[in-house]
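Morning, everyone. Please have the model open.

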Amino acid sequence: MSSSLERLLWAVVLACAGMGTAVAQSTSYPGIGREATPKEVAAWNIDVRPDFLGLPKGSGTVSRGQDVWESHCAACHGVFGESNEVFSPLIGGVTAEDIKTGHVARLNDKGFPGRTTFMKVSTVSTIWDYVNRAMPWNAPKSLSTDEVYSVVDYLLNLSGIVPDDFVLSDTTIAQAQARMPNRNGMTTDHGLWPGKGMGNGGKPDVKAVACMKDCAGEPQVASFLPDHARNNNGNLAEQQRLVGPQHGVDTTQPPGTKAAATTAATPSPKPAAAGQGAPVQALLQKYACAACHGVDRKIVGPAFQDVAAKYQGRADLQAYLSGKIRSGGQGLWGSIPMPPQTALPDADLQRIVDWLAAGASK
């Protein structure tokens, strides 16, 4: 590096340090930035610990939780938390004996097919914290504190942990914790829990000795799709979901052909009028449509542009789309059902339909 460039870089560093000192001086790191204000810390410090430190005051009921669940959560996780082939089930696999002992017996049952969330999670604070920070998927942190309490209360009730009239709050959450089915299934003996509190013990296992022996052998392919039968049951690429490890091969093409060959033939939707897409995006967020549908990509349901392209040319296009959105259904785009949109006002429904009919532009 030349001496002139080096002097220039040092000048920039010193100037920035000087500005930081002028604004506010950090006591921990002199010359660098400033201390965060209590308001700034509070905005980020929203996690809830297993000992309930950080849990805000509030309360919720099972009945209100059901209402919030059906309007914001059921489209992805099912009305009863059973979910679908995209999302893992939340509810199921728990017995009254599990709630009594704090150990979920089916976790050791190799014949039981699934591992639901309430079979595995050991602390109710984990559920509360995750819902509060990350849900709904399309609008995280949008639920109020009381709505989070209500949703968690509803899930606890579905699992048989609390009765129908239980009011979950910052003062009663410990009662729910005492009945969590897998509350005794967590251990901190691995030594990786930070600090000395909350039962931390044992020496950290960082050598991964168990992974250095008795490893599984290299898998061998035992079957393949014969060329003469590639497309006997239709294009597999259209029958597999876009998430997960298995992606269907395009069986309309010869072996080794890239899937791009089929997508090139898909007709492009007609462009919408200038500026038409922007206000509709707000409606898609408001009514949780964007939780399951992307404009140009599949999420849980099909992309809006794919829907627009599929039905272009229908004489009754707008009436058909209005009816499908209003009534919901399943089967045309896969097995995941779309719930009926009965609460969608007619005016907003018409704006969405007009946007779809024009091609669903971004």
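**Chain overview**

The chain has an accessible surface of about 22,300 Å², by Shrake-Rupley with a 1.4 Å probe. Carbon and sulfur atoms hold 59% of that surface. This is a predicted model, where local features need pLDDT of at least 70, side-chain atom pairs count only at pLDDT 80 or more, and totals for chains, interfaces and linings use all residues. Residues are numbered from 1 along each chain as its sequence is written, and side-chain values use heavy atoms, with hydrogens and water left out.

Of the 362 residues, 33% are buried (under 20% relative accessible area, 1.4 Å probe, protein chains only). Secondary structure: 14 helices and 2 strands. These are DSSP runs, helices being H or I with at least four residues and strands E with at least two, numbered from the N terminus.

Now the first pair. Helix α3, residues 62-72, packs on helix α8, residues 145-158, at about 100°. The axes are 7 Å apart. Axes are lines fitted to C-alpha atoms over the stretch in contact, and angles run from 0 to 180 degrees between N-to-C directions. So α3 is roughly perpendicular to α8 (65 to 115 degrees).

Second pair. Helix α13, residues 317-327, meets helix α14, residues 346-357, at about 125°. Their axes are 9 Å apart. The contact includes Leu-321 and Ile-325 of α13, with Leu-349 and Val-353 of α14.

Key
Angles under 35 degrees count as roughly parallel, over 145 as roughly antiparallel, 65 to 115 as roughly perpendicular and the rest as oblique. Buried means under 20% relative accessible area, exposed over 50%, partly exposed in between (1.4 Å probe, protein chains only). Contact means heavy atoms within 4.5 Å.
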